[in-house]
Amino acid sequence: MSGGLYRHGVSRCILVWMLLTMLAGCSALFGPKPPPVTEQPAPEPQPEPEPAAPEPEASAPAPASAPAVPEVKRAPPKPVHRHAPPHRPAPPETPPPPAPVVPAPIISTRLLSSNDTRGLLDARIQRPDGKALGRAIDMFVDKDGRPQEMLVNLSGFLGIGDRKVRFPWNAFTFNMSAKKAAITLAVKQGQPPAAQALQKKGARPGGIASKPELTRMIDATVERGDGARVGRVVDVLIDNHAAPQAAVVDVSRLMQDRHRVAIDWSALRFVHKNDALHVQSDLTDAQVDAAPDYEPDRPVRAVSPAPKPPVAAQPAPAGAKPAASGNDASR
């Protein structure tokens, strides 16, 4: 009996709990909704009240004057002697790099005027009236290099009757300004330009020089003092004043390598050897190779060995007496 009542009471409590739960859910679904939450405007900031000025404090009574303290004199500080720092030598300056050594030139050149210098070989020989007589084919010089005679090929009729005649150098006047050099022989009009016509001036039939004091230039061999061969003369350059300026020399060592240079007339010397007059020059192989090529239609540069630099005077040894001059020696 008691167990049935207990179970009955428990079931009643469960039903009541379930009923209350259902009522609470219905009130949440069907009850009045709460009003929406709206943001309230922030209140305007109120000006802060100015802080009140602090009240002046009561002036404190002035302290009683303290008794005077006698001033104590202090000794001046002793000077501090500091040792100077050790002297450090300045670092050595790096010397600038040496200038590149430019080799001294081995030849010197002289530009010949193209307006009044032309080749002698095959130059036109004419009368004073302009009529052609023949062609220059050679010249003869003495031991000083001065021209003495010219060998001329006098033209015949259609090449028949040509003959070679040597005339004195002073019988010609030169006009080397024209593109084709013209050399005028002093022959009177109507007079044959034969050896007899200039007999007073020394004209004679041509050929190899019979006098040992003269030598012909065209085809002459130029050699050095030791006998080494420099080349062969193929032409001589003459100016308007009948003065030779250079000798055109073929210095080729091989037939395939043609090399011609204009050797300055001052770089030639004429030496007697074996009863004949020989042409010599001091140009070395290196100087010949450095010389510019000779081209008839271009400016000509006559070459010669470069002058040797002056030898610096050696300083006199210590204690040496200076050499007496000529005046002092005479005394």
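## Briefing: strands, salt bridges and cores

Arg 232 has a relative accessibility of 29%, so it counts as partly exposed, since that class runs between 20% and 50%. Bear in mind that this is a predicted model.

**Salt bridges**

- Lys 273 pairs with Glu 223, with 2.8 Å between the closest N and O atoms. Lys 273 belongs to strand E15 (residues 268-273) and Glu 223 to strand E11, so parts 50 residues apart in sequence are tied together. Lys 273 is partly exposed at 31% relative accessibility, whereas Glu 223 is buried at 12%.
- Asp 264 and Arg 110 also form a salt bridge, their closest N and O atoms being 2.8 Å apart. With Asp 264 in strand E14 (residues 260-264) and Arg 110 in strand E1 (residues 107-111), the pair ties together parts that are 154 residues apart in sequence.
- A network of salt bridges links Asp 142, Lys 143, Asp 144 and Arg 146.

- Strand E8 (residues 182-185) is covered on both faces. Ala 182 and Thr 184 are buried on one side, and Ile 183 and Leu 185 are buried on the other. Side chains in a regular strand alternate between the two faces of the sheet.
- E8 pairs in the parallel sense with strand E3 (residues 124-126), over three bridges. Ile 183 in E8 is the bridge partner of Ile 125.
- E8 also runs antiparallel to strand E7 (residues 172-175), and four bridges join the two. Here Thr 184 of E8 is the bridge partner of Thr 173.

- Strand E13 (residues 244-250) is mostly covered, with seven of its seven residues buried.
- E12 and E13 pair antiparallel over six bridges, with Ile 238 and Pro 244 as bridge partners. Four residues lie between the two strands of this hairpin, and Ala 242 in the turn has a positive phi of about 65 degrees.
- E13 pairs antiparallel with E14 too, over five bridges. Val 248 has Ala 262 in E14 as its bridge partner.

**Aromatic rings**

- A search of the whole structure turns up three aromatic pairs. One of them joins Trp 169 and Phe 174 in a tilted arrangement, at 5.1 Å centre to centre and 35 degrees between the planes. Trp 169 is buried at 8% relative accessibility, and Phe 174 is buried at 10%.
- Trp 265 and Phe 270 form a tilted pair as well, with 5.8 Å between centres and 45 degrees between planes. Both of these residues are buried.
- A charge meets a ring where the charged end of Arg 166 sits over Phe 140, 4.1 Å from the ring centre.

**Nonpolar cores**

- The largest nonpolar core has 46 residues. The residues with the most contacts inside this core are Leu 120, Ile 125, Met 150, Phe 172, Phe 174 and Met 217.
- Beyond its neighbours within four places in sequence, Leu 120 is in contact with residues including Met 150, Trp 169, Phe 174, Ile 183 and Ile 238.
- Another core, of nine residues, lies apart from the largest one; among its members are Ala 246, Val 248, Val 300 and Ala 302.

**A buried glutamine**

- Gln 280 lies in strand E16 (residues 276-281) and is buried, with a relative accessible area of 6%.
- Not counting residues up to four places away in sequence, Gln 280 touches residues including Val 222, Arg 224, Leu 268 and Val 271. Glu 223 and Lys 273, the salt-bridge partners described above, are also among the residues that Gln 280 touches.

Conventions: Residues are numbered from 1 along each chain as its sequence is written. This is a predicted model: local features need pLDDT of at least 70, side-chain atom pairs count only at pLDDT 80 or more; totals for chains, interfaces and linings use all residues. Side-chain values use heavy atoms; hydrogens and water are left out. Buried means under 20% relative accessible area, exposed over 50%, partly exposed in between (1.4 Å probe, protein chains only). Two strands pair if DSSP finds at least two bridges between them. Rings of Phe, Tyr and Trp (its six-membered ring) pair if their centres lie within 6.5 Å; planes under 30 degrees apart count as stacked, over 60 as edge-to-face and the rest as tilted. A charge sits over a ring if NZ of Lys or CZ of Arg is within 6 Å of the ring centre and within 35 degrees of the ring normal. A salt bridge is a side-chain nitrogen of Lys or Arg within 4 Å of a carboxyl oxygen of Asp or Glu. A nonpolar core is a set of buried Ala, Val, Leu, Ile, Met, Phe, Trp, Tyr and Cys residues joined through side-chain atoms within 4.5 Å. Contact means heavy atoms within 4.5 Å.
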